Amino acid sequence: MDASTFRSQPGAGYMVRARWIFPVSAPPVSGAAVEVGADGRAIAVHRQPPANAHDLGDVALIPGLINAHAHLEFSDLTEPLQPAQPFADWLRALLAYRRSRGNAERAIITGLSESWRSGTIAVGDIDTRGIPIQYAAAGSVQVVAFRELLGLDAATVALQLGAGAEFLDHSRGKDVPEVIRGLSPHAPYSVHPRLLEGGISLAAKWRCPVAIHLAETRAELECLASGTGELVDLLKEAGIWQGQLYPSGTRPLDFLRRLAALPRVVIAHGNYLADDELEFLAHRPNFVLAYCPRTHAFFGHANHPGRRLSEMGGVVAIGTDGRCSNPDLSIWHELQFLRRSFSDANAADLLRMGTINGAIALGLESRLGTIEPGKSPGLAVIRLGNIGAADPYEDLFHEDSEVVNLIAA
């Protein structure tokens with residue numbers, strides 16, 4: 001049976017065999033089969049496959065991949081925006097593109113479709129429109145939509161918070177109940193302090209997840225610490241600079257402390273988190289750092305601190321950011337990029353970053369991220385580019401291995 005064409009039948013269970021199964025919650029198993037019930041939940045991994053198991057051939061089965069941080073509204077781009085540096089110039093290009101593009105709904109649908117084809121079962125998307133119906137085309141992709149809060153003008157705070165509260169009110173969106181809703185105060189340099197505090201209060205009231213861009217660039221650190229630099233110039237140019245709204249010497253740690261009481265916080269990028277900030281994250285399981293490897297490389301940032309955070313016991317997940325800074329939306333390509341770039345990295349940890357750690361980031365770990373009884377993670381089918389290595393992860397992450405299917409109820 002062709003692994004790329006196998007489909008589950010609605011309301012019917014199935015059993016599929018593969019050369020390798022990577023449950024993530026347990027070591028890889030060779031020549032086993034995964035049994036899935038009619039409700040889409042995994043029943044068992046059979047080390048001795050029954051005769052009725054569909055043999056998918058020389059493939060690996062992993063849990064559906066999870067994109068912890070994305071901007072689907074830019075999915076209609078065919079290549080990243082330029083220039084990559086300085087960051088303020090890239091932001092100018094992004095804002096100009098957003099103004100010229102018009103409605104982003106088609107791009108979002110395109111991004112969801114691409115995500116599915118690349119083996120992604122769930123996406124944490126930054127929502128700038130506040131219209132959950134735009135995700136109705138998600139199909140089997142679980143969307144966690146983080147409604148963006150953005151603005152430095154104190155006069156707009158009440159309006160923004162009202163829109164955020166309306167977005168979180170599920171009674172207004174029964175047409176798309178599968179969309180999980182959260183909030184995203186954009187970044188420290190683009191959110192008024194009252195808007196940030198109001199957003200935190202809303203998130204605490206609704207017990208919803210939060211995502212925030214933090215420690216993304218050195219320019220951000222300078223803006224916070226002294227109210228100077230290229231981001232300040234950009235804000236002044238746009239006529240929205242309100243003066244230094246945070247005290248001199250403010251740093252990412254101050255924002256981490258404000259967010260610490262919330263149930264789930266995704267720190268997007270975190271490229272320049274200091275050691276004490278990593279220590280702060282490592283001791284708080286409600287925080288997850290979303291590392292976007294190829295976006296990080298696109299901007300030419302210094303070494304990412306995610307590895308240090310992992311060694312400290314913190315949780316690091318993988319995101320793609322968006323096609324504004326990345327050639328595609330494939331979490332699998334992100335993992336392969338990391339494998340090529342850091343050959344000494346623990347391969348099992350890499351797989352966790354793209355699966356269960358992403359599920360933790362989005363609050364979905366009870367049903368996604370691992371292949372084990374009771375979960376419905378979907379099965380990403382990886383056609384192996386190499387067969388027979390002593391370490392199964394060498395076969396899995398081979399540069400020619402590719403996602404060819406995503407099997408989900």
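Reply: Start with residue classes: Ala, Val, Leu, Ile, Met, Phe, Trp, Tyr, Cys and Pro are nonpolar; Asp, Glu, Lys and Arg are charged; the others, including Gly, are polar. The model is predicted: local features need pLDDT of at least 70, side-chain atom pairs pLDDT 80 or more, while totals for chains, interfaces and linings use all residues. Numbering runs from 1 along each chain as its sequence is written, and side-chain values use heavy atoms, without hydrogens and water.

Me: What is the volume of the largest pocket?
Reply: A pocket is an open set of points on a 1 Å grid over the protein atoms alone, with protein on both sides within 12 Å along at least five of seven lines; in a cavity, a 1.4 Å probe fits but cannot get out; lining residues have an atom within 4 Å of a point. Points join across faces, edges and corners, and volume is the space filled by probe spheres set on them. For the largest pocket this gives about 680 Å³.

Me: Which element gives the largest share of the lining of the largest pocket?
Reply: Helices (H or I, at least four residues) and strands (E, at least two) are DSSP runs, numbered from the N terminus. The lining has 15 nonpolar, seven polar and eight charged residues. Its largest share, eight residues, comes from H1.

Me: How many charged residues line the largest cavity?
Reply: This cavity holds about 110 Å³. Its lining includes Leu152, Trp241 and Tyr246. By class, nine residues are nonpolar, three are polar, and the charged number none.
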